[in-house]
Amino acid sequence: MKIFPHKCNTKIFICLILCGILIFPLTAIPIHSILAYYKSPKPQAILTLGGGSIREKFTAQFAQFHPSLDIWVSTGIPPKQAKEIFRNAGINLERVNLDYRAVDTVTNFTSLLQDFKNLNIHHLYLITSDFHMRRAKAIATFVLGSRGIAFTPVPIPTNQSRETTLHVLRDTGRALIWLYTGHTGASLNPEL
């Protein structure tokens with residue numbers, strides 16, 4: 001005697017397959033991150049998320065202590081101002097990559113991902129303001145982690161309150177959507 005009818009077994013089997021397809025990419029992220037740390041225990045580049053000249057100034061000072069690392073600034077202040085900050089800090093501008101493709105925090109990561117992969121970068125310093133770091137880390141975990149890029153957070157101290165959990169959850173959800181579809185949902189961002 002069968003415990004479940006044939007149709008029920010088929011539905012359960014299909015549900016298990018679909019769950020496996022959806023869950024597998026998420027379970028692979030920690031494995032990718034561990035392998036990235038193993039390949040590159042020390043960061044190979046600096047990524048700064050734009051959001052005001054304070055971030056570029058901090059990055060310029062930070063980069064003085066890491067002279068072998070290239071710097072990526074994603075949608076920061078205008079190029080002329082940014083270059084002046086780095087030049088005044090004694091940073092060779094050949095190390096500085098200013099990228100303006102991103103329109104928000106999720107696209108800060110997704111727009112540069114292929115560049116990092118092409119350069120065989122497996123580990124980044126991630127610089128942003130302390131109030132923004134929780135959201136940046138959540139997004140980076142999914143976007144960078146899914147592609148085998150580890151990150152070491154470097155928060156810039158501020159007096160601002162941490163971003164809301166809603167902001168973090170919304171953009172983490174968008175990072176998950178990107179993981180499965182390749183679309184960031186930036187057009188759905190109410191802040192744009």
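# A guided tour of the predicted model

Begin by selecting Asp171 and Arg170: these two residues form a salt bridge, their closest N and O atoms lying 3.0 Å apart. A salt bridge here is a side-chain nitrogen of Lys or Arg within 4 Å of a carboxyl oxygen of Asp or Glu. Asp171 is buried, at a relative accessible area of 0%, whereas Arg170 is partly exposed at 23%. Buried stands for under 20% relative accessible area, exposed for over 50%, and partly exposed for the range in between (1.4 Å probe, protein chains only).

This is a predicted model, in which local features need pLDDT of at least 70 and side-chain atom pairs count only at pLDDT 80 or more, while totals for chains, interfaces and linings use all residues. Residues are numbered from 1 along each chain as its sequence is written, and side-chain values use heavy atoms, with hydrogens and water left out.

**The salt-bridge network**

Arg174 belongs to helix H7 (residues 165-181) and Asp104 to the loop between E3 and helix H4 (105-110); the pair links distant parts of the chain, 70 residues apart. Helices (H or I, at least four residues) and strands (E, at least two) are DSSP runs, numbered from the N terminus. Both partners are buried: Arg174 has a relative accessible area of 7%, and Asp104 has 10%.

Then select Glu163 and Arg135, which are joined by a salt bridge of 2.5 Å, N to O. Glu163 sits in the loop between strand E5 (150-156) and H7, and Arg135 in helix H6 (residues 130-146), so this pair ties together parts 28 residues apart in sequence. Glu163 is buried at 15% relative accessible area, as is Arg135 at 7%.

Now display Asp171 and Arg170 again, with their salt bridge. Through salt bridges that share partners, Asp104, Arg135, Glu163, Arg170, Asp171 and Arg174 are joined into one network. The count for the protein comes to seven salt bridges.

Select strand E2 (residues 70-74) and strand E3 (residues 96-99), which pair in the parallel sense over four bridges. Pairing requires that DSSP find at least two bridges between the strands. Trp72 stands opposite Asn97 in E3. Between E2 and E3 the chain passes through helix H3 (residues 79-88), and this β-α-β crossover is right-handed.

Which residues of H3 are buried? They are Ala82, Ile85 and Phe86. Viewed down the axis of H3, its buried residues fall within an arc of 95°, so they line one face of the helix. The arc is taken over the directions from the helix axis to the C-beta atoms. An α-helix has 3.6 residues a turn, so residues three or four places apart point the same way.

The buried residues of H3 pack against helix H2 (53-64), E2 and E3. On the face of H3 turned away from its buried side, select the exposed residues Lys80 and Asn88.

Thr75, in the loop between E2 and H3, has a positive phi of about 45° although it is not a glycine. Thr75 is partly exposed, with a relative accessible area of 26%. Just after H3, Gly90 takes a positive phi of about 80°.

Move to the loop between helix H5 (113-118) and strand E4 (123-129), where Asn120 lies. Asn120 is not a glycine, yet its phi is positive, at about 60°.

From there, select E4 and E5, which run parallel and are joined by seven bridges. The bridge partner of Leu126 in E5 is Pro153. The chain crosses from E4 through H6 to E5 in a right-handed β-α-β crossover.

**The whole chain**

Along the sequence they follow the pattern α-β-α-β-α-β-α-α-β-α-β-α. Buried residues make up 43% of the 192 residues. Of the contacts (heavy atoms within 4.5 Å) between residues at least 6 apart in sequence, 80% join residues at least 24 apart. The accessible surface comes to about 11,000 Å², 64% of it belonging to carbon and sulfur atoms. Accessible areas come from the Shrake-Rupley method with a 1.4 Å probe; for residues, only the protein chains shown count as cover.

Methods:
Right-handed = clockwise from strand over helix to strand, strands pointing away.
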